[in-house]
Amino acid sequence: MSSVPRLVVAAPSSGSGKTTVATGLMAAFAARGLAVSPHKAGPDYIDPGYHALATGRAGRNLDAYLCGPELVAPLFLHGARGCDIAVVEGVMGLYDGAAGEGELASTAHVAKLLRAPVVLVVDASSQSRSVAALVHGFASWDPGVRVGGVILNKVGSDRHEELLREALDSSGVPVLGVLRRVPRVDTPSRHLGLVPVAERRSDAVDAVAAMAAQVERGCDLDALLRLARSAGDLSCAPWEPPVTPTGKREVVAVAGGSAFTFSYAEHAELLTAAGAEVVTFDPLRDEQLPDGTAGLVVGGGFPEVYAAELSANEPLRKAVAELALSGAPVAAECAGLLYLCRELDGQPMCGVLDATARMTERLTLGYRDAVAVGDSVLAVAGTRMRGHEFHRTVVEPGAGAAPAWGVRAPVRRVEGFVQQGVHASYLHTHWASEPGVARRFVERCRTS
């Protein structure tokens, strides 16, 4: 049995203040000298960057759709090993999950899988007594979800706070914090959400400090810590990446820097366990791939924001094209797919794929069930994986002669490209759900 004190920070809807409260709690607990494990429910890549800044530990995702419900608690324990407390930021509203899948991948689902108490963050700016009905409804909707307290956000005055507390006295849900209506903490957004930490590190440090100060002033940290310690035991073992005995380690270059900020921490751990030496490089600044590169992973991010700078780094674009032409394994997701195209918004890219990419106004967003159409460096034909799509770009054509995936919904289609050692697709996948992906990739590094 494993027991790590933990809280899930949820809300009735998006925009209620979950990120401010969760990140502020992480930083405030860390300032007390506690080792804090940061987690995010769902596939979001950006919030974990702020969580990592608040705690000094890798932000990790817990996604019951991408990884399956059975992996949520083991992945949680893997990330929280050795910590004094864990804080899990929810996604959307408490009971909002994968479309058409009931509770699957909702914050409530994750809370139940973790046997963790929920702290409900309520935007109280336009209500007083009605807050009791709202909190009562969320607390009683699912008996398997324990709402252990509420934090009232955007409270206007002492009198407003008094009315809210009076209304909630009979709800049975204690008020564990009150945050006053203040100017928005400086966390700017753009077309896919918050601007990542890597692009604004000094400002992000200030923003996290402001969140911590706001939470420290308005929340009962001792009561929240007691609530976290009331979480039930978990009977599973921590997840571990399967280790492949190996001699010489093959260098796997992983794109990073401001343009490529989307990745799951477990991917690098899986590659390392499979026998790779993972080396991060920055396509905006580095003119060559790391010495000895045998394989390349280019994940998600914002290449559309940096198209001119990526294009200007011609030496690296040529090095990537030469590596791909040699047959070495190259795995590219979303932003990586755009980078491998001939051009992005008219700017020359690596030219590995005979395709062009451009920004659009339309947001493509959602979970996807996918099956590998043919053999590739990541999977054998017929391998089923779940992915997530999140972009405002389009690639033409959308699939190569040998597509990467067949996708069932929202419409049946094929997408992505498989050619020589290249696997490029819009789908973000979580390799912990199929550890053979990393092992297959590293094995190909040895034989290509």
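View 1. V36 stands opposite I85 in β4. Strand β2 covers residues 36-41 and strand β4 covers residues 85-89; the two run parallel and are joined by five bridges. Strands (E, at least two residues) and helices (H or I, at least four) are DSSP runs, numbered from the N terminus. Two strands are said to pair if DSSP finds at least two bridges between them. The model is predicted: local features need pLDDT of at least 70, side-chain atom pairs count only at pLDDT 80 or more, and totals for chains, interfaces and linings use all residues. Residues are numbered from 1 along each chain as its sequence is written, and side-chain values use heavy atoms, with hydrogens and water left out.

**View 2. The open sheet of seven strands.** With parallel pairing, the strands follow the order β3-β2-β4-β1-β5-β6-β7. At the edges are β3 (60-62) and β7 (175-180), each of which pairs on one side only. From one strand to the next, the twist averages 25 degrees. Strands of a sheet pair through backbone hydrogen bonds, either parallel or antiparallel.

**View 3. Helices α1 and α4 against the strands.** Helix α1 (residues 18-31) packs on the sheet and touches β1 (6-10), β2, β4, β5 (118-123), β6 (147-155) and β7. The direction of helix α1 makes about 165 degrees with that of β4. Helix α4 (residues 107-114) lies across β1, β2, β3, β4 and β5, and runs at about 170 degrees to β1. Contact means heavy atoms within 4.5 Å. Axes are lines fitted to C-alpha atoms, for helices over the stretch in contact, and angles run from 0 to 180 degrees between N-to-C directions.

**View 4. R317 in helix α11.** R317 belongs to helix α11, residues 314-325. R317 counts as buried because its relative accessibility is 12%; buried means under 20% relative accessible area, exposed over 50%, and partly exposed in between (1.4 Å probe, protein chains only). Leaving out residues up to four places away in sequence, R317 touches L310, S311, Y339, P348, M349 and C350. A polar atom of the R317 side chain lies 2.8 Å from the backbone oxygen of M349.

**View 5. P315 in helix α11.** P315 is also placed in helix α11. P315 counts as partly exposed because its relative accessibility is 32%. Not counting residues up to four places away in sequence, P315 touches E287 and Q288. E287 is 28 residues from P315 along the chain, and their C-alpha atoms are separated by 5.3 Å.

Key: Polar contact = N/O pair within 3.5 Å; in protein donor to acceptor, adjacent residues only side chain to side chain.
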